[in-house]
Amino acid sequence: MHGTIGKHPALTKTQARRIWLRAQRLDAAAPFGNGPAATRAAVEHLGYVQIDTINVIERCHHHILYSRIPEYRREHLRQAQTVDKTVFEYWTHALSYLPTRDLPFFVAAMKSHSLRPHSWYGSVKKEELRKVLRRIRKHGALTIRDIDDDVLVEKDHEWASRKPSKRALQLAFYTGALTISERIGMLKTYELMDRHFAWEKRPRPASERAILEYLLDRALRSQGIVNLDSICYQDAPRKPAMRRLIERRVRRKELVPVQLEGAEKSEHWMLPEAIEGAAEPADGIVHILSPFDPLVIQRKRLKLFFDYEHRFEAYVPKAKRVFGYFALPVLVGDDIVAALDLKTDREKQTLLVQKWNWVGNGSHRLHKRQIEEALHRFERFQLASI
């Protein structure tokens with residue numbers, strides 16, 4: 001399976017890719033099964049599912065789940081969030097769905113936001129915050145559309161709202177006073193967190209040591225092979241303490257250092273038993289991936305493992321785009337072979353291929369047939385919500 005360089009196992013890029021794909025559950029047809037239980041299982045295994053507002057095709061949180069649950073339905077995520085309450089929304093490197101079982105690892109961040117709010121919320125007055133909390137406490141959960149008595153102000157940012165209450169709701173969300181109890185499209189329903197989860201007593205915040213253990217274990221489970229950048233993605237201040245934790249685990253032989261082809265000077269680690277766990281993906285596996293998929297979002301890691309540099313060009317001037325406005329990487333087996341710029345035409349009820357970019361190796365003729373079959377399935381998924 002692997003050779004050694006010095007004392008460290010050496011992995012080829014193919015082996016490394018397959019280990020990562022196995023960890024991401026992208027090497028099998030329906031790794032979590034189907035139905036609402038599969039949605040909970042997928043979020044718990046991946047650790048987070050990113051949320052984004054772009055709606056050229058289906059929003060990325062639904063798309064990410066569809067990539068691992070062929071029979072996924074949007075109501076399954078609603079059931080997990082609103083009915084079963086097994087997932088919740090909060091900030092990781094971006095706003096994401098997270099397993100409710102992991103909530104104690106985010107309570108400290110909520111407290112930190114309460115003590116030291118981000119400058120974005122500096123304009124929120126204490127009375128505005130008390131007003132929205134009092135209203136929800138008395139009348140129940142609400143959306144920003146339910147607030148119709150605000151004195152409107154001018155926007156100070158493209159994404160801002162003219163209603164001061166919106167920023168107050170967001171601040172209360174980040175401090176953990178409120179949670180998002182339901183989401184329809186991008187319209188969020190806010191509820192008191194304690195009432196939503198029917199807690200008699202709020203979970204205690206995990207210690208920083210426990211948070212580090214959690215982040216490392218989450219990365220090992222969902223990435224297979226890790227380095228400091230992949231564990232502490234957009235969380236650089238934790239890197240020194242994370243390195244010390246990794247070194248302790250290596251001394252206890254709970255982790256092994258590995259060397260990756262093309263990155264011999266970079267440090268990577270994995271669980272000892274995972275070294276033998278890389279198998280060839282199941283025949284016919286094709287995934288049209290979201291640019292926010294956990295496999296794609298860390299661009300440097302994607303380039304290292306797949307020799308593919310993804311270009312997210314939604315905010316690039318049209319004349320400078322190479323792949324297109326919203327290109328999606330296409331995984332065939334264990335290679336990224338194409339990037340398709342897709343758009344859902346909701347009026348005509350069809351999926352449009354605006355640009356087809358070949359980026360990989362192998363038989364384009366064979367891959368094209370496989371990808372077209374996947375596109376038909378993807379189109380049915382896209383149109384199911386219309």
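In what order do the 4 strands of the open sheet lie, and is their pairing parallel or antiparallel? I worked on a predicted model throughout. I read the order as β11-β12-β13-β14, and the pairing is antiparallel. I then looked up the edges: these are β11 (286-288) and β14 (350-358), and because each has a single partner strand, one side of each is left without a neighbour in the sheet. I noted a twist that averages 30 degrees from one strand to the next.

Next I turned to the pairing of β11. I found that β11 joins strand β12 (residues 327-332) over 3 bridges, in the antiparallel sense. Within this pair, I traced V286 to its bridge partner in β12, which is V332.

Which helix packs on the sheet? I identified helix α13 (residues 364-383), which touches β11, β12, β13 (335-345) and β14. I recorded an angle of about 150 degrees between the direction of α13 and that of β14.

My last entry concerns cavities. By class, I counted 5 nonpolar, 2 polar and 2 charged residues in the lining of the largest cavity.

Methods
Residues numbered from 1 in each chain as written. Predicted model: local features only at pLDDT ≥ 70, side-chain atom pairs only at ≥ 80, totals over all residues. Heavy atoms only, no water. Pairing = 2+ DSSP bridges. Helix = DSSP H or I, 4+ residues; strand = E, 2+ residues; numbered from the N terminus. Axes fitted to C-alpha atoms, helices over the stretch in contact; angles between N-to-C directions. Contact = heavy atoms within 4.5 Å. Nonpolar A, V, L, I, M, F, W, Y, C, P; charged D, E, K, R; others polar.
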